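Hello,

Here is the structure we talked about. Please open it first, then read my notes below.

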Amino acid sequence: MSARPSLPALYRAFLAVGTFSVGGGLAAWIRREIATKRGWIDDSQFLTAYALCQLVPGATNVNLAVFLGTELRGGPGGLAALAGLMTVPVGLFLALGTLYFALDGSPAGRIVAIALAGMGASAVGMMISIGLRLGRRNVRHATGIAVAALTAFLVGWERINLILALALLIPFSLALHWRAK
Amino acid sequence: MLVLAQLAGLFALLSMLAIGGGAGIIPEMQRAVVDVHHWMTGPQFLAIFALSRAAPGPGSLIAMLVGQQAAGLPGALVAAVAMFGPSSLLAYLAARFWLRGAAGEGWRGRVQRALAPVAVGLTLAAGIALMRGTEHGLIAWGFSALAAAVLTLTELNPGVMALAGAAVFLAAALLR
(Lines give C-alpha, C1' and ligand atoms only; values in the text may rest on other atoms or scores of the structure.)
Protein backbone atom coordinates (compact mmCIF):
# COMPACT_ATOMS: atom_id res chain seq x y z
CA MET A 1 0.00 0.00 0.00
CA SER A 2 1.42 3.39 -0.94
CA ALA A 3 1.03 6.63 1.05
CA ARG A 4 -2.27 7.05 2.89
CA PRO A 5 -4.56 9.45 1.04
CA SER A 6 -5.85 12.56 2.81
CA LEU A 7 -9.55 12.67 3.70
CA PRO A 8 -10.33 15.24 0.95
CA ALA A 9 -8.44 13.10 -1.57
CA LEU A 10 -10.49 10.07 -0.47
CA TYR A 11 -13.71 12.10 -0.76
CA ARG A 12 -12.74 13.28 -4.26
CA ALA A 13 -11.86 9.77 -5.43
CA PHE A 14 -15.28 8.43 -4.43
CA LEU A 15 -16.96 11.59 -5.72
CA ALA A 16 -15.49 10.63 -9.11
CA VAL A 17 -16.84 7.07 -8.72
CA GLY A 18 -20.30 8.39 -7.87
CA THR A 19 -20.29 10.89 -10.72
CA PHE A 20 -18.91 8.83 -13.60
CA SER A 21 -20.24 5.31 -12.94
CA VAL A 22 -22.94 5.69 -15.60
CA GLY A 23 -24.40 2.34 -16.66
CA GLY A 24 -23.61 0.50 -13.44
CA GLY A 25 -20.66 -1.73 -12.67
CA LEU A 26 -19.74 0.36 -9.64
CA ALA A 27 -17.20 -2.13 -8.30
CA ALA A 28 -15.20 -1.75 -11.52
CA TRP A 29 -15.25 2.03 -11.15
CA ILE A 30 -14.09 1.79 -7.55
CA ARG A 31 -11.24 -0.50 -8.62
CA ARG A 32 -10.36 1.91 -11.45
CA GLU A 33 -10.22 5.00 -9.22
CA ILE A 34 -8.75 3.52 -6.03
CA ALA A 35 -6.44 0.74 -7.28
CA THR A 36 -5.58 1.34 -10.95
CA LYS A 37 -5.43 5.14 -11.14
CA ARG A 38 -4.34 6.12 -7.64
CA GLY A 39 -2.57 2.93 -6.48
CA TRP A 40 -3.83 3.24 -2.87
CA ILE A 41 -4.47 -0.52 -2.81
CA ASP A 42 -3.46 -3.37 -5.14
CA ASP A 43 -5.78 -5.73 -7.00
CA SER A 44 -5.46 -8.47 -4.42
CA GLN A 45 -6.52 -6.12 -1.62
CA PHE A 46 -9.40 -4.90 -3.77
CA LEU A 47 -10.66 -8.43 -4.43
CA THR A 48 -10.48 -9.40 -0.77
CA ALA A 49 -12.38 -6.27 0.25
CA TYR A 50 -14.93 -6.97 -2.50
CA ALA A 51 -15.48 -10.56 -1.39
CA LEU A 52 -15.72 -9.59 2.30
CA CYS A 53 -18.21 -6.84 1.46
CA GLN A 54 -20.44 -9.37 -0.30
CA LEU A 55 -20.61 -11.21 3.01
CA VAL A 56 -21.57 -8.08 4.94
CA PRO A 57 -25.34 -7.50 4.63
CA GLY A 58 -26.32 -4.49 2.52
CA ALA A 59 -25.46 -3.04 -0.86
CA THR A 60 -22.03 -4.44 -1.77
CA ASN A 61 -20.76 -1.31 -3.52
CA VAL A 62 -21.70 0.99 -0.66
CA ASN A 63 -20.18 -1.43 1.82
CA LEU A 64 -17.05 -1.49 -0.35
CA ALA A 65 -16.70 2.30 -0.19
CA VAL A 66 -17.07 2.29 3.61
CA PHE A 67 -14.71 -0.70 3.94
CA LEU A 68 -11.94 0.74 1.76
CA GLY A 69 -12.29 4.21 3.30
CA THR A 70 -11.97 2.66 6.76
CA GLU A 71 -9.02 0.53 5.64
CA LEU A 72 -7.20 3.60 4.30
CA ARG A 73 -8.11 6.27 6.88
CA GLY A 74 -10.12 4.69 9.72
CA GLY A 75 -13.70 5.67 10.60
CA PRO A 76 -13.45 9.22 9.18
CA GLY A 77 -12.12 7.67 5.96
CA GLY A 78 -15.18 5.41 5.79
CA LEU A 79 -17.47 8.43 6.20
CA ALA A 80 -15.53 10.45 3.60
CA ALA A 81 -15.79 7.61 1.09
CA LEU A 82 -19.52 7.14 1.76
CA ALA A 83 -20.20 10.88 1.46
CA GLY A 84 -18.16 11.12 -1.73
CA LEU A 85 -19.95 8.17 -3.29
CA MET A 86 -23.43 9.52 -2.47
CA THR A 87 -23.10 13.27 -3.12
CA VAL A 88 -23.93 13.33 -6.83
CA PRO A 89 -26.16 10.21 -7.19
CA VAL A 90 -28.61 11.17 -4.41
CA GLY A 91 -29.52 14.47 -6.04
CA LEU A 92 -29.50 12.96 -9.51
CA PHE A 93 -31.74 10.00 -8.50
CA LEU A 94 -34.29 12.33 -6.91
CA ALA A 95 -34.32 14.55 -10.02
CA LEU A 96 -34.55 11.61 -12.45
CA GLY A 97 -37.25 9.92 -10.35
CA THR A 98 -39.35 13.09 -10.31
CA LEU A 99 -38.85 13.48 -14.06
CA TYR A 100 -39.75 9.83 -14.79
CA PHE A 101 -42.99 9.89 -12.82
CA ALA A 102 -43.91 13.22 -14.43
CA LEU A 103 -43.36 11.73 -17.93
CA ASP A 104 -44.87 8.31 -17.14
CA GLY A 105 -47.49 7.30 -19.70
CA SER A 106 -46.49 9.98 -22.22
CA PRO A 107 -44.68 9.24 -25.53
CA ALA A 108 -41.53 10.86 -24.08
CA GLY A 109 -41.74 8.41 -21.18
CA ARG A 110 -41.74 5.49 -23.60
CA ILE A 111 -38.58 6.77 -25.30
CA VAL A 112 -36.88 7.14 -21.93
CA ALA A 113 -37.81 3.55 -21.01
CA ILE A 114 -36.26 2.23 -24.25
CA ALA A 115 -33.05 4.20 -23.70
CA LEU A 116 -32.88 2.88 -20.14
CA ALA A 117 -33.20 -0.70 -21.40
CA GLY A 118 -30.25 -0.13 -23.76
CA MET A 119 -28.11 1.24 -20.94
CA GLY A 120 -29.13 -1.75 -18.83
CA ALA A 121 -27.93 -4.16 -21.53
CA SER A 122 -24.56 -2.39 -21.53
CA ALA A 123 -24.39 -2.61 -17.71
CA VAL A 124 -24.90 -6.37 -17.91
CA GLY A 125 -22.00 -6.69 -20.35
CA MET A 126 -19.83 -4.53 -18.13
CA MET A 127 -20.52 -6.81 -15.17
CA ILE A 128 -19.28 -9.81 -17.19
CA SER A 129 -16.19 -7.89 -18.32
CA ILE A 130 -15.29 -6.98 -14.72
CA GLY A 131 -15.43 -10.65 -13.78
CA LEU A 132 -13.29 -11.64 -16.77
CA ARG A 133 -10.70 -8.91 -16.14
CA LEU A 134 -10.42 -9.61 -12.44
CA GLY A 135 -10.23 -13.33 -13.12
CA ARG A 136 -7.54 -12.97 -15.76
CA ARG A 137 -5.24 -11.17 -13.33
CA ASN A 138 -6.02 -12.81 -10.02
CA VAL A 139 -7.29 -16.33 -10.63
CA ARG A 140 -4.65 -18.23 -12.54
CA HIS A 141 -4.28 -21.72 -11.08
CA ALA A 142 -6.77 -24.49 -11.95
CA THR A 143 -8.23 -24.62 -8.42
CA GLY A 144 -9.17 -20.95 -8.48
CA ILE A 145 -10.63 -21.12 -11.97
CA ALA A 146 -12.74 -24.11 -10.93
CA VAL A 147 -14.06 -22.30 -7.84
CA ALA A 148 -14.85 -19.14 -9.88
CA ALA A 149 -16.64 -21.16 -12.59
CA LEU A 150 -18.59 -23.17 -10.02
CA THR A 151 -19.63 -19.96 -8.22
CA ALA A 152 -20.74 -18.31 -11.47
CA PHE A 153 -22.70 -21.42 -12.49
CA LEU A 154 -24.46 -22.06 -9.17
CA VAL A 155 -25.32 -18.43 -8.38
CA GLY A 156 -25.75 -17.01 -11.90
CA TRP A 157 -27.13 -19.87 -13.94
CA GLU A 158 -28.82 -22.16 -11.40
CA ARG A 159 -29.71 -19.21 -9.14
CA ILE A 160 -29.45 -21.28 -6.00
CA ASN A 161 -30.13 -19.42 -2.78
CA LEU A 162 -27.26 -16.98 -2.29
CA ILE A 163 -26.76 -17.48 1.44
CA LEU A 164 -26.66 -21.24 0.91
CA ALA A 165 -24.24 -20.85 -2.02
CA LEU A 166 -21.83 -18.69 -0.01
CA ALA A 167 -22.09 -20.99 3.01
CA LEU A 168 -20.94 -23.86 0.74
CA LEU A 169 -18.49 -22.12 -1.60
CA ILE A 170 -16.41 -20.11 0.87
CA PRO A 171 -15.50 -23.01 3.19
CA PHE A 172 -14.92 -25.12 0.06
CA SER A 173 -12.54 -22.54 -1.40
CA LEU A 174 -10.80 -22.05 1.97
CA ALA A 175 -10.24 -25.80 2.26
CA LEU A 176 -8.83 -25.98 -1.28
CA HIS A 177 -6.54 -22.99 -0.79
CA TRP A 178 -5.45 -23.56 2.78
CA ARG A 179 -2.54 -25.83 2.06
CA ALA A 180 -1.50 -24.33 -1.28
CA LYS A 181 1.37 -21.87 -0.87
CA MET B 1 -46.23 8.47 9.57
CA LEU B 2 -47.37 4.93 8.93
CA VAL B 3 -45.87 4.95 5.43
CA LEU B 4 -42.53 6.21 6.79
CA ALA B 5 -42.48 3.43 9.37
CA GLN B 6 -43.31 0.88 6.66
CA LEU B 7 -40.48 2.23 4.47
CA ALA B 8 -38.00 2.12 7.35
CA GLY B 9 -38.99 -1.43 8.26
CA LEU B 10 -38.98 -2.71 4.69
CA PHE B 11 -35.59 -1.37 3.66
CA ALA B 12 -33.84 -2.12 6.95
CA LEU B 13 -34.99 -5.72 6.53
CA LEU B 14 -34.12 -5.94 2.82
CA SER B 15 -30.69 -4.45 3.46
CA MET B 16 -29.95 -7.14 6.05
CA LEU B 17 -31.05 -9.83 3.57
CA ALA B 18 -28.74 -8.48 0.84
CA ILE B 19 -25.81 -10.82 1.23
CA GLY B 20 -23.77 -11.13 -1.93
CA GLY B 21 -25.03 -7.93 -3.53
CA GLY B 22 -28.17 -5.90 -3.99
CA ALA B 23 -29.53 -7.65 -7.10
CA GLY B 24 -30.71 -10.64 -5.06
CA ILE B 25 -33.29 -8.64 -3.08
CA ILE B 26 -34.96 -7.02 -6.11
CA PRO B 27 -37.73 -9.65 -6.50
CA GLU B 28 -38.64 -9.36 -2.81
CA MET B 29 -38.58 -5.55 -3.04
CA GLN B 30 -40.88 -5.65 -6.07
CA ARG B 31 -43.35 -7.91 -4.24
CA ALA B 32 -43.51 -5.59 -1.22
CA VAL B 33 -43.65 -2.32 -3.19
CA VAL B 34 -46.11 -3.40 -5.91
CA ASP B 35 -48.25 -6.21 -4.46
CA VAL B 36 -48.29 -5.53 -0.72
CA HIS B 37 -48.13 -1.74 -0.34
CA HIS B 38 -49.30 -0.65 -3.86
CA TRP B 39 -46.86 2.28 -3.90
CA MET B 40 -46.45 1.88 -7.69
CA THR B 41 -47.36 -0.45 -10.57
CA GLY B 42 -45.22 -3.33 -11.86
CA PRO B 43 -44.12 -1.54 -15.05
CA GLN B 44 -43.25 1.57 -13.03
CA PHE B 45 -41.09 -0.53 -10.73
CA LEU B 46 -39.34 -2.07 -13.74
CA ALA B 47 -38.65 1.40 -15.14
CA ILE B 48 -37.15 2.78 -11.93
CA PHE B 49 -35.09 -0.42 -11.72
CA ALA B 50 -33.64 0.26 -15.18
CA LEU B 51 -33.11 3.88 -14.17
CA SER B 52 -31.27 2.83 -11.01
CA ARG B 53 -29.02 0.59 -13.15
CA ALA B 54 -28.24 3.24 -15.75
CA ALA B 55 -27.72 6.29 -13.52
CA PRO B 56 -24.31 6.80 -11.90
CA GLY B 57 -23.94 5.64 -8.31
CA PRO B 58 -25.16 2.63 -6.33
CA GLY B 59 -28.11 0.83 -7.97
CA SER B 60 -29.53 0.21 -4.50
CA LEU B 61 -30.52 3.89 -4.46
CA ILE B 62 -33.67 2.44 -6.04
CA ALA B 63 -34.77 2.34 -2.38
CA MET B 64 -34.76 6.13 -2.38
CA LEU B 65 -36.95 6.27 -5.51
CA VAL B 66 -39.47 3.93 -3.87
CA GLY B 67 -39.47 6.13 -0.76
CA GLN B 68 -39.91 9.26 -2.88
CA GLN B 69 -42.89 7.82 -4.72
CA ALA B 70 -44.49 6.48 -1.51
CA ALA B 71 -44.03 9.53 0.75
CA GLY B 72 -42.17 12.35 -1.02
CA LEU B 73 -38.84 13.72 0.18
CA PRO B 74 -39.20 12.48 3.79
CA GLY B 75 -39.91 9.02 2.36
CA ALA B 76 -36.80 9.16 0.19
CA LEU B 77 -34.69 10.14 3.20
CA VAL B 78 -36.10 7.44 5.47
CA ALA B 79 -35.68 4.73 2.82
CA ALA B 80 -32.06 5.73 2.11
CA VAL B 81 -31.08 5.84 5.79
CA ALA B 82 -32.74 2.47 6.46
CA MET B 83 -31.08 0.94 3.40
CA PHE B 84 -27.54 2.24 3.98
CA GLY B 85 -27.19 3.19 7.67
CA PRO B 86 -27.08 -0.17 9.45
CA SER B 87 -25.15 -1.92 6.64
CA SER B 88 -22.52 0.86 6.53
CA LEU B 89 -21.94 0.40 10.26
CA LEU B 90 -21.45 -3.33 9.66
CA ALA B 91 -18.99 -2.64 6.80
CA TYR B 92 -17.04 -0.32 9.12
CA LEU B 93 -16.92 -3.00 11.82
CA ALA B 94 -15.85 -5.61 9.24
CA ALA B 95 -12.98 -3.38 8.09
CA ARG B 96 -11.81 -2.83 11.68
CA PHE B 97 -12.01 -6.56 12.37
CA TRP B 98 -10.09 -7.34 9.18
CA LEU B 99 -7.34 -4.78 9.98
CA ARG B 100 -6.94 -6.14 13.50
CA GLY B 101 -6.38 -9.59 11.98
CA ALA B 102 -3.21 -8.18 10.39
CA ALA B 103 -1.13 -9.93 13.06
CA GLY B 104 -1.22 -13.18 11.10
CA GLU B 105 -0.11 -12.17 7.61
CA GLY B 106 -0.03 -15.80 6.42
CA TRP B 107 -3.60 -16.28 7.60
CA ARG B 108 -4.75 -13.17 5.76
CA GLY B 109 -2.95 -14.13 2.57
CA ARG B 110 -4.64 -17.50 2.50
CA VAL B 111 -8.08 -16.01 3.10
CA GLN B 112 -7.38 -13.51 0.30
CA ARG B 113 -6.41 -16.26 -2.14
CA ALA B 114 -9.49 -18.31 -1.23
CA LEU B 115 -11.94 -15.39 -1.51
CA ALA B 116 -10.65 -14.03 -4.85
CA PRO B 117 -12.12 -16.80 -7.04
CA VAL B 118 -15.47 -16.62 -5.18
CA ALA B 119 -15.59 -12.84 -5.76
CA VAL B 120 -14.76 -13.31 -9.45
CA GLY B 121 -17.46 -15.99 -9.73
CA LEU B 122 -20.06 -13.77 -8.02
CA THR B 123 -19.29 -10.91 -10.39
CA LEU B 124 -19.82 -13.15 -13.41
CA ALA B 125 -22.94 -14.57 -11.73
CA ALA B 126 -24.54 -11.11 -11.44
CA GLY B 127 -24.09 -10.57 -15.18
CA ILE B 128 -25.32 -14.04 -16.07
CA ALA B 129 -28.41 -13.78 -13.85
CA LEU B 130 -29.37 -10.43 -15.38
CA MET B 131 -28.92 -11.79 -18.92
CA ARG B 132 -31.18 -14.73 -18.08
CA GLY B 133 -33.89 -12.38 -16.82
CA THR B 134 -37.09 -12.59 -18.81
CA GLU B 135 -36.95 -8.94 -19.89
CA HIS B 136 -33.60 -9.56 -21.63
CA GLY B 137 -34.54 -9.95 -25.32
CA LEU B 138 -32.46 -10.91 -28.34
CA ILE B 139 -31.05 -7.42 -29.00
CA ALA B 140 -30.23 -7.09 -25.32
CA TRP B 141 -28.37 -10.44 -25.35
CA GLY B 142 -26.40 -9.37 -28.39
CA PHE B 143 -25.54 -5.95 -27.02
CA SER B 144 -24.61 -7.34 -23.59
CA ALA B 145 -22.26 -9.85 -25.24
CA LEU B 146 -20.76 -7.10 -27.40
CA ALA B 147 -20.30 -4.82 -24.38
CA ALA B 148 -18.69 -7.64 -22.39
CA ALA B 149 -16.20 -8.32 -25.22
CA VAL B 150 -15.38 -4.65 -25.91
CA LEU B 151 -14.99 -3.72 -22.23
CA THR B 152 -12.81 -6.77 -21.56
CA LEU B 153 -10.50 -6.31 -24.55
CA THR B 154 -10.27 -2.50 -24.76
CA GLU B 155 -9.99 0.44 -22.35
CA LEU B 156 -13.17 2.10 -23.67
CA ASN B 157 -14.99 4.19 -21.07
CA PRO B 158 -18.04 2.16 -19.89
CA GLY B 159 -20.16 5.32 -19.98
CA VAL B 160 -19.64 5.48 -23.76
CA MET B 161 -20.84 1.88 -24.01
CA ALA B 162 -23.97 2.74 -21.98
CA LEU B 163 -24.78 5.64 -24.32
CA ALA B 164 -24.20 3.38 -27.33
CA GLY B 165 -26.65 0.91 -25.79
CA ALA B 166 -29.30 3.61 -25.47
CA ALA B 167 -28.68 4.68 -29.10
CA VAL B 168 -28.89 1.11 -30.45
CA PHE B 169 -32.12 0.38 -28.59
CA LEU B 170 -33.74 3.62 -29.76
CA ALA B 171 -32.69 2.89 -33.36
CA ALA B 172 -34.08 -0.65 -33.12
CA ALA B 173 -37.39 0.69 -31.76
CA LEU B 174 -37.64 3.18 -34.66
CA LEU B 175 -37.04 0.45 -37.25
CA ARG B 176 -39.60 -1.90 -35.75
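Which residues line the largest cavity? They are Gln45(A), Thr48(A), Ala49(A), Phe67(A), Glu71(A), Trp98(B), Arg108(B) and Gln112(B).

First, the ground rules. This is a predicted model, where local features need pLDDT of at least 70, side-chain atom pairs count only at pLDDT 80 or more, and totals for chains, interfaces and linings use all residues. Residues are numbered from 1 along each chain as its sequence is written, chains are lettered from A and ligands numbered from 1 in the order in which they are written, and side-chain values use heavy atoms, with hydrogens and water left out.

The cavity

The whole structure was searched, and one cavity of 30 Å³ or more turned up. A cavity here is a set of points, on a 1 Å grid over the protein atoms alone, where a 1.4 Å probe fits but cannot get out; lining residues have an atom within 4 Å of a point. Grid points are joined across faces, edges and corners, and the volume is the space filled by probe spheres set on the points. The largest cavity holds about 30 Å³.

Three helices each give its lining at least two residues: helix 3 (43–55) and helix 4 (60–103) of chain A, and helix 5 (105–132) of chain B. Helices are DSSP runs (H or I, at least four residues), numbered from the N terminus. Helix 3 of chain A supplies the largest share, three residues. By class, the lining has three nonpolar, three polar and two charged residues. Ala, Val, Leu, Ile, Met, Phe, Trp, Tyr, Cys and Pro count as nonpolar, Asp, Glu, Lys and Arg as charged, and the others, Gly among them, as polar.

Helix packing in chain A

Helix 3 and helix 4 of chain A pack at about 125°, with axes 9 Å apart. Axes are lines fitted to C-alpha atoms, for helices over the stretch in contact, and angles run from 0 to 180 degrees between N-to-C directions. The angle makes helix 3 of chain A oblique to helix 4 of chain A. Oblique covers what is left after under 35 degrees (roughly parallel), over 145 (roughly antiparallel) and 65 to 115 (roughly perpendicular). Contact means heavy atoms within 4.5 Å. Among the residues making this contact are Ala49(A) of helix 3 and Phe67(A) of helix 4. The contact has eight nonpolar, three polar and no charged residues.

Chain B

Chain B has seven helices and zero strands (E, at least two residues). Its C-alpha trace spans about 60 × 50 × 25 Å along its principal axes.

Best wishes

Methods: On a 1 Å grid over the protein atoms alone, a cavity is a set of points where a 1.4 Å probe fits but cannot get out, and a pocket is an open set with protein on both sides within 12 Å along at least five of seven lines; lining residues have an atom within 4 Å of a point.
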